[in-house]
There are 2 protein chains.
Amino acid sequence: MNTSANEIFPKGNKAPAEYFTGTAWVRPLVSPDSGLNCVIGNVIFEPGTRNNWHTHTGGQILIATAGTGYYQEKGKPIQLLEKGDVVTIPADVVHWHGASPDSEFTHLAINPNTQEGVVSWLQPVTDEEYNSYNK
Amino acid sequence: MNTSANEIFPKGNKAPAEYFTGTAWVRPLVSPDSGLNCVIGNVIFEPGTRNNWHTHTGGQILIATAGTGYYQEKGKPIQLLEKGDVVTIPADVVHWHGASPDSEFTHLAINPNTQEGVVSWLQPVTDEEYNSYNK
């Protein structure tokens with residue numbers, strides 16, 4: 001197991017480069033064929049890494065478990081995420097998430113209502129967008 | 001915050017005594033009115049504590065995050081749970097979960113498909129049932 005003391009899960013598989021800027025690791029925990037209409041994965045983002053803008057037809061819940069990360073909904077400021085923070089993302093809201101520039105970041109990604117679809121990927125988050133966080 | 005180094009969430013509220021043997025603490029993370037048909041809570045069981053036998057109409061997912069716990073489905077042996085273990089519980093399967101006798105135990109409890117119902121509580125787990133774990 002490649003698990004640091006603060007991590008619950010090992011790193012898993014490298015996230016697909018076409019949907020991420022930087023390097024992230026995805027460990028599947030509950031698969032699409034579970035029969036529960038719910039797909040869950042643990043994601044570890046290296047510092048500076050983020051996923052593309054995207055939407056979930058069935059919504060999504062993020063549970064931050066280690067490090068410091070970013071979450072942004074289209075048209076709103078970036079929100080800082082730390083261990084214990086929970087984000088509830090309504091269906092079809094355009095958003096992205098990832099690590100802050102100087103910290104690895106880990107979250108559980110819980111996708112309910114997968115009978116309605118899982119994810120629609122959009123354009124990458126630009127450096128300007130990523131660097132817009134106001135402390 | 002009443003959070004030990006290994007915990008992600010503080011203890012939350014005492015679980016209802018009528019559905020638990022022993023003391024457990026529930027911190028709600030995603031509420032029934034989220035619009036996502038998904039209710040999530042973090043549960044900390046004191047050593048020896050377990051919930052009653054019960055079912056979920058929409059199924060349930062447990063993610064063990066600290067300590068050592070037990071999970072049992074009706075008619076099957078008790079299964080040991082440790083940090084990083086994930087249990088996928090199909091709809092309507094009679095089961096219970098809790099701490100092992102000598103360790104606190106923490107899990108995330110994820111209830112998807114809550115439009116179909118959340119939980120139906122049954123009888124308490126007897127000491128004989130609880131003590132049936134075979135190492």
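Is B:T88 buried, exposed or partly exposed?

1. Basis of the model. This is a predicted model, in which local features need pLDDT of at least 70, side-chain atom pairs count only at pLDDT 80 or more, and totals for chains, interfaces and linings use all residues. Residues are numbered from 1 along each chain as its sequence is written, while chains are lettered from A and ligands numbered from 1 in the order in which they are written.

2. Confidence. The pLDDT is the predictor's confidence in each residue, from 0 to 100. Chain A has an average pLDDT of 95, and 96% of the residues score at least 70. For the complex, the predictor gives an ipTM of 0.94 and a pTM of 0.95.

3. Residue B:T88. B:T88 counts as partly exposed because it has 17 C-beta neighbours inside 10 Å. The scale is as follows: a residue is buried if 20 or more other C-beta atoms lie within 10 Å of its own, exposed if 12 or fewer, and partly exposed in between, with C-beta atoms placed from the backbone. B:T88 belongs to strand β9 (residues 86-89) of chain B. Strands (E, at least two residues) and helices (H or I, at least four residues) are DSSP runs, numbered from the N terminus. Apart from neighbours within four places in sequence, B:T88 is in contact with A:V30, A:S34, A:L36 and B:I61; two residues are in contact if their C-beta atoms, placed from the backbone, lie within 7 Å. Between the C-alpha atoms of B:T88 and B:I63, 25 residues apart along the chain, the separation is 9.0 Å.

4. The contact between the chains. Chain A contributes 22 residues to the contact and chain B contributes 22 residues. On the side of chain A that touches chain B, β3 (24-30), β7 (60-73) and β9 (86-89) of chain A each supply at least two residues. Of the elements, β7(A) gives the most to this side, with three residues. By class, this side of chain A has 13 nonpolar, eight polar and one charged residues. Here Ala, Val, Leu, Ile, Met, Phe, Trp, Tyr, Cys and Pro count as nonpolar, Asp, Glu, Lys and Arg as charged, and the others, Gly among them, as polar.

5. Symmetry. Chain A is superposed on chain B by a rotation of 180° with 0.0 Å of shift along its axis (RMSD 0.0 Å). The two copies are thus related as by a two-fold rotation axis. The superposition is by least squares on the C-alpha atoms of residues with pLDDT of at least 70 in both copies. A:P112 is the residue of chain A that comes closest to the rotation axis, at 3.2 Å (C-alpha). Because 100% of the interface residues of chain A are also interface residues in chain B, the copies meet through the same surface.

6. Strand β4 of chain A. What makes β4(A) largely enclosed by the rest of the structure? Seven of the seven residues of β4(A) are buried, so the strand is largely enclosed. A:V39, A:G41, A:V43 and A:F45 are buried on one side, and A:I40, A:N42 and A:I44 are buried on the other. Two strands pair if DSSP finds at least two bridges between them. β3(A) and β4(A) run antiparallel and are joined by six bridges, with A:I40 as the bridge partner of A:V30. β4(A) also pairs with β11(A) in the antiparallel sense, over seven bridges, and A:V43 stands opposite A:H107.

7. The nonpolar core. A nonpolar core is a set of buried Ala, Val, Leu, Ile, Met, Phe, Trp, Tyr and Cys residues joined through C-beta atoms within 7 Å. The largest such core has 50 residues, of which A:I40, A:I61, B:I40 and B:I61 touch the most other members. Not counting residues up to four places away in sequence, A:I40 touches A:L29, A:V30, A:L108, A:A109, A:I110 and B:I61.

8. Two residues with positive phi. Most residues other than glycine have a negative phi. A:N37, in the loop between β3 and β4 of chain A, has a positive phi near 55°. A:N37 counts as buried, with 20 C-beta neighbours inside 10 Å. B:D92, in the loop between β9 and β10 of chain B, has a positive phi near 70°. B:D92 counts as partly exposed, with 13 C-beta neighbours inside 10 Å.
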